[in-house]
Amino acid sequence: MAKKRVAVLISGRGSNMAALIEAAKAPDYPAEIVLVVSNRPQAPGLSRARDADIATAVVDHTLFGENRETFERALDAVLATYRIELVCLAGFMRRLSPWLVGRWRGRMLNIHPSLLPQFKGLDTHRRALEAGVKEHGATVHLVVPELDSGPIIAQERVPVLAGDTEQTLAARVLETEHRIYPRALRALAEGRVRLESSDQQDMQRL
Ligand code: GRF
């Protein structure tokens, strides 16, 4: 079967992007990373992608002012140019409108540094430490209009250790992110995960 054509959307350092690029090098991997798109021209992940010989594009949201719709149409047009079939959000720090999410319904993944549904939104490690949880982790989910919601495709736990700081906890979680994102993309690309209705019970765990 032909490999699925994937774009990774980033805003920053791109370590999850790099993990996906690395995983996709395996001959039996069902997806190829053909494009990396950033909304920030200075995102360090862009040069990492270029070093890996992956095409890059910048759709700078600041050039579109407050107009989210024209920004998203420009982004969507770039994805169309590269005949993208699946999209992975990897530290992409823009909220997407229901229009764009709808266009990519069932074909767009996001990674979030918490055990969803706990700690949606930002500063997950600080909030986990403040809450005193014993376990924390990372989640890959299909994107739906509601932020950090959507059916969970992969999730992995890490312990919260005595003396952990935001940094040590983030580093432990990041290791799991790099394991579960390639696994989740594989499942989606192989058709082992499908969004069948808007009902969030349609969930399949790896
Ligand atoms: C990761 O922690 C990811 O879960 C979150 O943003 C961070 C991106 O890191 N959504 P990187 O750019 O992949 O290194």
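**Helix packing and ligand surroundings**

Student: At what angle do helix 1 and helix 2 pack?
Tutor: The axes of helix 1 and helix 2 (residues 44–51) are 9 Å apart. Helices are DSSP runs (H or I, at least four residues), strands are runs of E with at least two, and both are numbered from the N terminus. Axes are lines fitted to C-alpha atoms, for helices over the stretch in contact, and angles run from 0 to 180 degrees between N-to-C directions. On that basis the packing angle of helix 1 and helix 2 is about 15°.

Student: What kind of model is this?
Tutor: Residues are numbered from 1 along each chain as its sequence is written, and side-chain values use heavy atoms, with hydrogens and water left out. Local features need pLDDT of at least 70, side-chain atom pairs count only at pLDDT 80 or more, totals for chains, interfaces and linings use all residues, and the model itself is predicted.

Student: How are helix 1 and helix 2 placed relative to each other?
Tutor: Angles under 35 degrees count as roughly parallel, over 145 as roughly antiparallel, 65 to 115 as roughly perpendicular and the rest as oblique. Helix 1 and helix 2 are therefore roughly parallel.

Student: Which residues of helix 2 does helix 1 meet?
Tutor: Contact means heavy atoms within 4.5 Å. From helix 1, Ser15, Met17, Ala18 and Ile21 take part, and they meet Gly45, Arg48 and Ala49.

Student: Why is helix 1 described as oblique to helix 6?
Tutor: Helix 1 (residues 15–23) and helix 6 (residues 166–189) have axes 9 Å apart and pack at an angle of about 45°. That angle makes helix 1 oblique to helix 6.

Student: Is the crossing of helix 1 and helix 6 left-handed or right-handed?
Tutor: A crossing is left-handed if the near helix is turned anticlockwise from the far one by less than a right angle, and right-handed if clockwise. For helix 1 passing helix 6, the crossing is right-handed.

Student: How far is the polar side-chain atom of Glu177 from an oxygen atom of the ligand?
Tutor: A polar contact is a pair of N or O atoms within 3.5 Å. An oxygen atom of the ligand is 2.8 Å from a polar backbone atom of Gly14, and a backbone N or O atom of Ile111 lies 3.1 Å from a ligand nitrogen. For the side chain of Glu177 and a ligand oxygen, the distance is 2.7 Å.

Student: Where is Pro117?
Tutor: The peptide bond from Leu116 to Pro117 is cis, with omega near 10°. Phe119, with a positive phi near 55°, lies in the loop between strand 5 and helix 5. Pro117 is placed in the loop between strand 5 (108–112) and helix 5 (124–131).

Student: What is the orientation of helix 5 to helix 6?
Tutor: Their axes come within 9 Å and cross at roughly 115°. That makes helix 5, relative to helix 6, roughly perpendicular.

Technical notes
A polar contact is a pair of N or O atoms within 3.5 Å; within protein, one must be able to donate a hydrogen and the other to accept it, and residues adjacent in sequence count only if both atoms are side-chain atoms.
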